[in-house]
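User: Here is a model I would like to go through with you. Please set each value against its definition as we go.

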Amino acid sequence: MKTSLYALFFLCVLTVTAQEDTRWQLGEKNTIHWSIENNVLPHSDNIEMAGTKVAGIVSYAVDANRNLRIERQLFYPQLHPFIKESDPDWYVFRAYLKETYTDDLVLPKFYIGDRQFSPGVLKEVTINGMITFDHEESKSGITLSRKLHLATY
């Protein structure tokens, strides 16, 4: 009897704490939406996305100043690494090529006059088959929207 009361209390506490996190809201057309304003920061999360010939884990972090950092870990199941005879046996079963990409490696750099563009702070995140990061207007007056989508062909 005592054990079942403890279990019931534990489930009620879990339910209440789960309902307090209202970071994500359901939107129209099968979307979920996170408006960054008035949320507890910093926050980091990841989402797994997969296509026919590539899969990936997109990890993102928003710091207390609402600056965004994205890391993409891509898996190419069709591309196999070169396996040497000296490699351990378990290495032979890794039948994919994996690579990690950060913003420093993949984002183009562009300049307005002689100053390098830097995006404004993060405004919102939307997931609807793609993950979209919308930034507020930067000091140069440009609004940036970044969409990540894995190829499905």
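User: What volume does the second largest pocket have?

Analyst: The second largest pocket holds about 220 Å³, a volume being the space filled by probe spheres set on grid points joined across faces, edges and corners. A pocket is an open set of points on a 1 Å grid over the protein atoms alone, where a 1.4 Å probe fits, with protein on both sides within 12 Å along at least five of seven lines; lining residues have an atom within 4 Å of a point. Before we go on: this is a predicted model, where local features need pLDDT of at least 70 and side-chain atom pairs count only at pLDDT 80 or more, while totals for chains, interfaces and linings use all residues. Residues are numbered from 1 along each chain as its sequence is written, and side-chain values use heavy atoms, leaving out hydrogens and water.

User: Which residues line the second largest pocket, and how do they divide by type?

Analyst: Its lining consists of Ile 112, Arg 115, Gln 116, Phe 117, Ser 118, Pro 119, Gly 120, Ser 138, Lys 139 and Ser 140. They divide into three nonpolar, five polar and two charged. Here Ala, Val, Leu, Ile, Met, Phe, Trp, Tyr, Cys and Pro count as nonpolar, Asp, Glu, Lys and Arg as charged, and the others, Gly among them, as polar.

User: What makes up the lining of the largest pocket?

Analyst: The largest pocket, with about 480 Å³ of space, is lined by 21 residues, and Asp 103, Leu 107, Phe 117, Pro 119 and Arg 146 lie nearest its centre. Strand E5 (68–76) and helix H3 (103–106) are the elements giving two or more residues to this lining. By type, the lining has nine nonpolar, six polar and six charged residues.

User: Why is the pair of Trp 24 and Trp 34 called tilted?

Analyst: Rings pair if their centres lie within 6.5 Å; planes under 30 degrees apart are stacked, over 60 edge-to-face and the rest tilted, with the six-membered ring used for Trp. The centres of Trp 24 and Trp 34 are 5.9 Å apart and their planes stand at 50°, so the pair is tilted. Trp 24 is in the loop between helix H1 (2–20) and strand E1 (25–26), and Trp 34 in strand E2 (residues 32–35), so the pair ties together parts 10 residues apart in sequence.

User: How do you know whether Trp 24 and Trp 34 are buried or exposed?

Analyst: Buried means under 20% relative accessible area, exposed over 50%, and partly exposed in between (1.4 Å probe, protein chains only). Trp 24 has 26%, so it is partly exposed; Trp 34 has 0%, so it is buried.

User: Why is the pair of Tyr 60 and Phe 133 called edge-to-face?

Analyst: Their ring centres are 5.5 Å apart and the planes are at 65°, so the pair is edge-to-face. Tyr 60 belongs to strand E4 (residues 55–62) and Phe 133 to strand E10 (residues 131–135), so this pair links parts 73 residues apart in sequence. Both Tyr 60 and Phe 133 are buried.

User: What makes Arg 23 count as buried?

Analyst: Arg 23 has 13% relative accessibility, so it falls on the buried side. This residue is in the loop between H1 and E1. Beyond residues up to four places away in sequence, Arg 23 touches His 33, Trp 34, Asn 39, Val 40 and His 43, where contact means heavy atoms within 4.5 Å.

User: And why is Lys 29 called exposed?

Analyst: Its relative accessible area is 74%, so Lys 29 is exposed. Lys 29 sits in the loop between E1 and E2, with a positive phi near 55°. Asn 30 is found in the loop between E1 and E2 too; its phi is near 60°, and at 76% relative accessibility it counts as exposed.

Definitions and conventions: Helix = DSSP H or I, 4+ residues; strand = E, 2+ residues; numbered from the N terminus.
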